[in-house]
Amino acid sequence: MEGGKDGVVAMQRAVKQLHFGECEDVKVTAVAEIKRLAASDPRRKRLLATLGVIPPLVSMLLQAQDDRRRQLVVETLIELAHGTFKNKALTVEAGLLLRLPQLMNTEDLPKNQHLTALLLSLSFLAKTTFPINPSPMLPCLIRILDATETSDEMKLTCVAALYNLSTKLDNVRAVVSGGAVPVLLKSSQKMRSVAEGALATLGNLMLCETGKKAVEEDAMVPEALMEIMAWEEEPKCQELAAYVLMALAHRSKVQRKKMAELGIVPLLLEVALMGSPLARKRAIKMLQWFKEEGRARTGGDSGPRPDHLSDGRQQIREGKRAVNTMVKQSLDKNMQVIIRRARASEDFSCFKSLATTSSSKSLPY
């Protein structure tokens with residue numbers, strides 16, 4: 001263990017001061033030392049938790065009267081939780097989530113930045129068998145995500161936490177009933193910095209009937225998703241938007257009709273021609289559905305059985321004209337698209353650094 005005997009002595013002294021310190025300043029000094037020790041050696045995190053530092057830290061957080069001390073305690077809890085699910089679980093068991101309404105600064109949302117980082121850390125418990133209840137976290141995450149005054153970084157943190165929570169099917173009903181769907185849709189359309197994470201979260205919610213119904217009934221659907229699917233410079237967002245549209249169109253004649261009326265066929269043809277490989281695959285699959293839909297009036301339809309769309313053939317004719325136009329586009333424009341994508345592929349998504357898995361890899365389409 002780094003620091004040897006001196007490190008052990010420092011740890012024992014800090015733990016003793018935290019538990020038995022006679023004044024608040026002594027405890028604050030102990031918290032700072034615990035944070036330093038936890039950051040210096042991963043093994044100390046487990047040992048410090050074994051020595052019982054997490055419950056008094058949570059209590060101290062609830063009692064802190066100023067932002068500086070509150071921030072120090074939150075940073076220490078984040079450091080202790082980093083890289084160890086056991087310490088995350090101990091933090092939840094200490095009652096932190098149940099006290100979130102007391103901890104959240106509703107008058108100045110940007111001041112909750114460190115708190116949202118802690119919630120993101122705890123949200124990774126959804127990827128384990130630990131029975132974490134997402135309901136206490138959702139109002140805080142959704143309110144911060146929906147607020148205009150919070151930074152892109154905070155919003156991205158909230159989206160990543162929602163994504164983690166949505167990976168467990170047992171959490172989907174709580175996430176949906178907490179009002180996440182309209183906020184995620186709005187965020188994905190208005191903020192490209194969080195669009196990928198928001199769409200991936202919606203994709204997870206769509207795997208449950210409750211989530212699919214909530215997305216279907218939102219007034220922004222399908223127009224917002226179609227708009228995102230037209231972002232040729234954002235191939236990952238294109239793929240995720242295409243997936244959600246596929247899931248909506250597969251068995252919903254209402255959604256297929258809305259999509260057709262909004263002109264989805266020319267858009268699908270464009271994506272099928274110029275999109276990423278996965279986006280092209282999804283666009284072609286949807287085009288097959290709309291083609292079969294156009295033929296449904298004469299029978300022989302082997303695909304999904306929607307209502308007949310009166311303008312199906314007209315949409316296909318318009319789509320063919322759109323293809324002819326796109327094929328004749330200049331080489332320069334096509335090369336610009338290729339160059340943008342090549343540059344984009346060199347960068348890792350900020351969202352991937354927060355939520356370690358990308359939902360599109362597990363999507364059924």
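Hi everyone, and thanks for coming. Before we start, this is a predicted model, so local features need pLDDT of at least 70 and side-chain atom pairs count only at pLDDT 80 or more, while totals for chains, interfaces and linings use all residues. Residues are numbered from 1 along each chain as its sequence is written, and side-chain values use heavy atoms, with hydrogens and water left out.

Let's begin with the whole protein. Its secondary structure comes to 22 helices and 0 strands; helices (H or I, at least four residues) and strands (E, at least two) are DSSP runs, numbered from the N terminus. Of the 365 residues, 50% are buried, where buried means under 20% relative accessible area, exposed means over 50%, and partly exposed is in between (1.4 Å probe, protein chains only). Now take the contacts with a separation of 6 or more: residues 24 or more positions apart account for 72% of them. Contact here means heavy atoms within 4.5 Å.

Next, the second largest pocket. It has a volume of about 340 Å³. Of its 17 lining residues, Asp-67, Arg-70, Leu-103, Lys-111 and Asn-112 are the closest to its centre. Two or more lining residues come from each of α4 (54–63), α5 (67–81), α7 (100–103) and α8 (113–123), and α5 gives the most, with 4. Where does this pocket lie? It lies between domain 1 (14–94) and domain 2 (102–218), because both give residues to its lining. Those bounds come from an automatic or database domain assignment.

A word on method: we work on a 1 Å grid over the protein atoms alone. A cavity is a set of points where a 1.4 Å probe fits but cannot get out, and a pocket is an open set with protein on both sides within 12 Å along at least five of seven lines; lining residues have an atom within 4 Å of a point. Grid points are joined across faces, edges and corners, and a volume is the space filled by probe spheres set on the points.

On to helix α9, residues 138–146. Its buried residues are Leu-138, Cys-140, Leu-141, Ile-142, Ile-144 and Leu-145, and they pack against α8, α10 (152–166), α11 (169–177) and α12 (180–190). What about disulfides, meaning pairs of cysteine sulfur atoms within 2.5 Å? The structure holds 0 of them. Cys-158, for one, is in no disulfide, and the nearest cysteine sulfur, that of Cys-140, is 6.6 Å away. Cys-158 counts as buried because its relative accessibility is 0%.

Here is a detail to look for on your screens. Most peptide bonds are trans. Val-221 and Pro-222, however, are joined by a cis peptide bond, with omega about 5°. Pro-222 lies in the loop between α14 (209–216) and α15. Glu-223 is in helix α15, residues 223–229. Is Glu-223 buried or exposed? It counts as exposed, because its relative accessibility is 52%. Glu-223 and Lys-258 are 35 residues apart in sequence, yet 8.5 Å apart in space, C-alpha to C-alpha.

Among the 10 residues that line the largest cavity, Glu-232, Gln-238, Glu-270, Val-271 and Met-274 are the closest to its centre. Helix α18 (residues 264–274) gives the largest share of that lining, 4 residues.

How values were computed: A disulfide is a pair of cysteine sulfur atoms within 2.5 Å.
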